[in-house]
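Please open the structure in a viewer and follow the stops below in order. Each stop names a selection and then describes what is found there.

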Amino acid sequence: MRTSGSIKDDQGKMNNFAVEPKVYIDQQGNRTGFTKYSELLNGRLAMIGFISLIALEVFTGHGVFGLLSSL
């Protein structure tokens with residue numbers, strides 16, 4: 001039984017802490033957080049970075065650490 005923000009159990013005892021907020025889904029449609037779009041973008045950027053590092057090593061003959069140590 002529910003009365004004004006508190007709940008009474010079978011024995012008539014009041015439980016003020018049992019009231020939970022209403023759960024809702026945010027339907028804003030923005031592209032933030034862990035969404036399919038962000039995971040795809042993260043994967044694509046990782047692939048571009050990996051290919052760039054391989055191309056850097058092929059064209060220069062040195063890896064990233066070799067180039068950084070020669071600076």
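**Overview of the fold**

Two helices and three strands make up the protein. The model shown is a predicted one. Colour the chain by secondary structure and trace it from the N terminus: the elements follow the order β-β-β-α-α.

Next, display the surface of the whole protein. Its accessible area is about 7,000 Å², and carbon and sulfur atoms account for 62% of that area. Of the 71 residues, 3% count as buried.

**The nonpolar patch**

Select L53, L56, V64, F65, L68 and L71. These residues form a nonpolar patch on the surface, and together they have about 650 Å² of accessible area. The elements that contribute two or more residues to the patch are α1 (36–60) and α2 (64–69). Helix α2 provides the largest share, with three residues.

Move to E57, a residue of helix α1. Is E57 buried or partly exposed? Because its relative accessibility is 46%, E57 counts as partly exposed.

Show the residues around E57. When neighbours within four places in sequence are set aside, E57 is in contact with H62 and G63.

Finally, draw a distance between the C-alpha atoms of E57 and L67. The two residues are 10 residues apart along the chain, and these atoms are separated by 9.3 Å.

Definitions and conventions:
Residues are numbered from 1 along each chain as its sequence is written. This is a predicted model: local features need pLDDT of at least 70, side-chain atom pairs count only at pLDDT 80 or more; totals for chains, interfaces and linings use all residues. Side-chain values use heavy atoms; hydrogens and water are left out. Patches are made of residues with over 30% relative accessible area and no salt bridge: like charges are joined within 9 Å, nonpolar side chains (Val, Leu, Ile, Met, Phe, Trp, Tyr) within 5 Å. Accessible areas come from the Shrake-Rupley method with a 1.4 Å probe; for residues, only the protein chains shown count as cover. A salt bridge is a side-chain nitrogen of Lys or Arg within 4 Å of a carboxyl oxygen of Asp or Glu. Helices (H or I, at least four residues) and strands (E, at least two) are DSSP runs, numbered from the N terminus. Buried means under 20% relative accessible area, exposed over 50%, partly exposed in between (1.4 Å probe, protein chains only). Contact means heavy atoms within 4.5 Å.
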